[in-house]
Amino acid sequence: MRNLAVAAALLAALVYPLLVPNYLITVGMLIFFIAFLGQSWNVAGGFAGQTSFGHAVFFGVGAYTSTILHVSHGWNPWLAWPVATAMGGLVGAGIAFLSFRAGLRGSYFALITLAFAEVFRIVANSAAFTRGGLGMLIKADSRLENFQFTTPIAPYYLALALCLVSLLIAWWLTRGRFGARLVAIRENEDAARALGIDVFAEKVKVLTLSGAMCAAGGTFYAQKYLYIDPTIAFGIDKSVEMLLVTMVGGAGTIFGPLIGSIVLTAINELTRNAAGVFPALKNVQPLSLVVYGVMLIIIVARLPDGFASLLWRRRHA
Amino acid sequence: MLDPQIILAGVLNGLLAGGIYVLVAVGLTLIYGVLHIINFAHGSLLMLAMYAVFFLWKLSGIDPYVALPIVTGGAFAVGFVLYRAVIGRYSHGKDENILLITLGVSIIADNGALLFFGGDTETIDVPYAGKIIELGAAFLPLPKVISCAAAIAICLALGLFMALSDTGKAIRAVAKERQGARLVGIDVEHIFAVSYGIGIACLGAAACLLMPTFYVTPQSGYAFVLVAFTIVVLGGMGSFVGAAVGGFLIGVTESIGGLLLGEQLGQIGISLIFILILLLKPTGLFGSRA
């Protein structure tokens with residue numbers, strides 16, 4: 001029954017861009033892309049319980065690595081993509097190694113990831129090789145072999161593919177031994193250690209995976225919008241977005257980030273028209289985030305498994 | 001190498017900024033020491049208090065220093081109610097959960113401010129803004145001197161209140177041993193709400209002292225939250241002396257960092273201190289436990 005629903009949804013996602021106008025194709029692209037970023041957060045924050053407030057550090061490393069290789073060293077962006085992904089994994093491993101070696105847990109880990117993102121942002125804002133606060137512009141050359149897009153359909157399918165890969169990774173985590181060890185660590189770290197799990201090694205591994213995924217998303221973003229700057233790449237907004245979609249959809253579930261992303265994007269599109277209704281508002285764009293802040297509080301307090309738990313009542317992972 | 005006179009001026013300016021940082025950090029460390037929660041909304045609530053000071057000045061012409069009792073009292077009420085209505089209900093589970101709740105509060109505050117006040121940078125023009133005190137080679141802006149002195153006075157008053165009043169003693173009892181405090185008849189939930197209120201009241205006072213020389217935007221909260229956490233972690237979570245020492249240290253670090261590395265790169269010192277303290281000595285300078 002559930003397999004049938006997933007197959008139907010996949011089919012719908014595949015034919016969707018052939019039926020709707022360009023604007024809705026882009027909305028769909030955003031849904032899958034944010035779901036992919038959310039899933040990268042979910043791997044560490046949901047399955048392994050390592051809440052991060054600074055996941056933008058990986059996103060930014062991915063975006064900057066590929067853009068620097070492409071713009072400053074003439075690499076083809078498709079070739080730069082795996083390098084950027086690997087760099088994200090490397091930074092994830094580095095941050096995890098330092099933080100978990102120092103024994104940081106819970107809130108302290110969340111805060112130190114935020115500080116790491118801030119360090120990267122400040123460096124990117126001042127260093128010459130990132131062009132400082134001006135940001136980096138990628139020269140438009142809209143050919144697919146150049147990782148640039150002329151129609152909204154191509155990035156839609158690429159975002160869908162990324163999202164599917166991330167769903168497979170999450171599915172693998174719910175099935176495999178690695179995922180089971182992560183859940184054990186999330187539920188009770190000391191008990192997991194007593195069972196013989198190498199907690200430190202597993203946590204470094206999961207941050208490597210999560211960082212690599214997130215960095216891959218960073219490259220996609222840079223190539224889609226052809227511009228990045230330190231605040232877009234390393235700012236707290238991206239970190240919060242990834243955390244929010246996952247927490248609202250359901251942390252530690254396969255489909256949580258996708259559900260959260262659909263809800264967030266829907267609220268975004270609905271509140272876009274709110275300006276006419278409430279003329280007192282200076283600008284309406286943050287309205288969706290206010291709604292999301294309220295939802296975050298309600299979800300943490302009342303519905304710790306997110307919206308996913310409303311769809312099918314089953315304990316996660 | 002820079003002229004030692006310039007360095008001295010930088011240190012003095014850093015100390016002046018540090019005075020207000022102390023006040024902000026004392027509020028954060030009080031909340032941590034008593035409730036054992038990390039109040040991620042601290043910066044955002046400071047930002048809201050700064051907007052309150054700005055609008056009191058803009059709409060009613062009230063001088064920021066005159067507004068101090070009003071905004072401080074209002075901030076206490078907001079903190080008390082926020083604790084009773086939202087934070088207190090959920091503050092006893094996993095520590096990440098309460099961190100996420102306060103993150104939710106800060107997201108609502110930041111984006112609410114953007115929604116209603118817009119993204120512009122707002123400042124207050126006070127007639128004494130340009131007044132300068134000459135101290136050797138250092139030129140110190142008068143409002144900064146007043147604000148620093150006032151911040152220190154408020155911290156001392158708060159210290160006396162904690163040491164001598166019945167409420168202060170109850171707060172300290174709850175911070176040390178909440179079960180024991182409950183057993184001797186202290187209403188622990190009430191003390192939690194009062195402590196959170198006092199922590200936020202510190203922000204109200206700090207907002208009044210900041211506004212004559214500073215500006216506010218909806219992003220101000222984020223700028224302050226990392227500074228406040230760095231001070232508290234540097235001094236030791238929950239330690240008052242630590243918050244005081246840490247506040248001045250960070251004020252000077254920021255000022256000297258700006259001199260040596262420039263405005264942009266100078267901010268990196270704070271984040272690096274934060275990371276290094278957490279990695280190497282998570283108890284901080286004066287903390288008793290991790």
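Predicted model: local features only at pLDDT ≥ 70, side-chain atom pairs only at ≥ 80, totals over all residues.
Q: Is B:Ala149 buried, partly exposed or exposed?
A: Let's count neighbours. A residue needs 20 or more other C-beta atoms within 10 Å to be buried, and 12 or fewer to be exposed. B:Ala149 has 13 other C-beta atoms within 10 Å, so this residue is partly exposed.

Q: How far apart in space are B:Ala149 and B:Phe214, C-alpha to C-alpha?
A: Along the sequence, 65 residues separate B:Ala149 from B:Phe214. In space, the C-alpha to C-alpha distance between B:Ala149 and B:Phe214 is 17 Å.

Q: Why can chain B be called as compact as a globular protein of its length?
A: Start with the make-up of chain B: 11 helices and four strands. For 290 residues the globule rule gives 19 Å, and chain B comes close to that, so it is as compact as a globular protein of that length. The radius of gyration of chain B behind this is 19 Å.

Q: What percentage of the residues in chain B is buried?
A: For a sense of scale, the C-alpha trace of chain B spans about 60 × 45 × 35 Å along its principal axes. Among contacts in chain B between residues at least 6 apart in sequence, 77% join residues at least 24 apart. Of the 290 residues in chain B, the buried part is 53%.

Q: Which helix gives the most to the side of chain B that touches chain A?
A: The contact involves 35 residues of chain B and 34 residues of chain A. Several helices of chain B each supply at least two residues to that side, among them H3 (68-90), H9 (220-235) and H10 (240-266). With 16 residues, the one that gives the most is H4(B).

Q: How many residues on the side of chain B that touches chain A are nonpolar?
A: That side also holds eight polar and three charged residues. The nonpolar ones number 24.

Q: Which residues of chain B is A:Leu296 in contact with, leaving aside neighbours within four places in sequence?
A: A:Leu296 is among the residues that touch the most other members of the largest nonpolar core, which has 196 residues. Within chain A, its contacts are A:Leu244, A:Met247 and A:Val248. Across in chain B, A:Leu296 meets B:Leu100, B:Leu103, B:Gly104 and B:Ile107.

Methods:
Residues numbered from 1 in each chain as written. Chains lettered and ligands numbered in written order. Core = buried A, V, L, I, M, F, W, Y, C linked by C-beta atoms within 7 Å. Contact = placed C-beta atoms within 7 Å. Rg over C-alpha atoms; globule rule 2.2 N^0.38 Å. Nonpolar A, V, L, I, M, F, W, Y, C, P; charged D, E, K, R; others polar.
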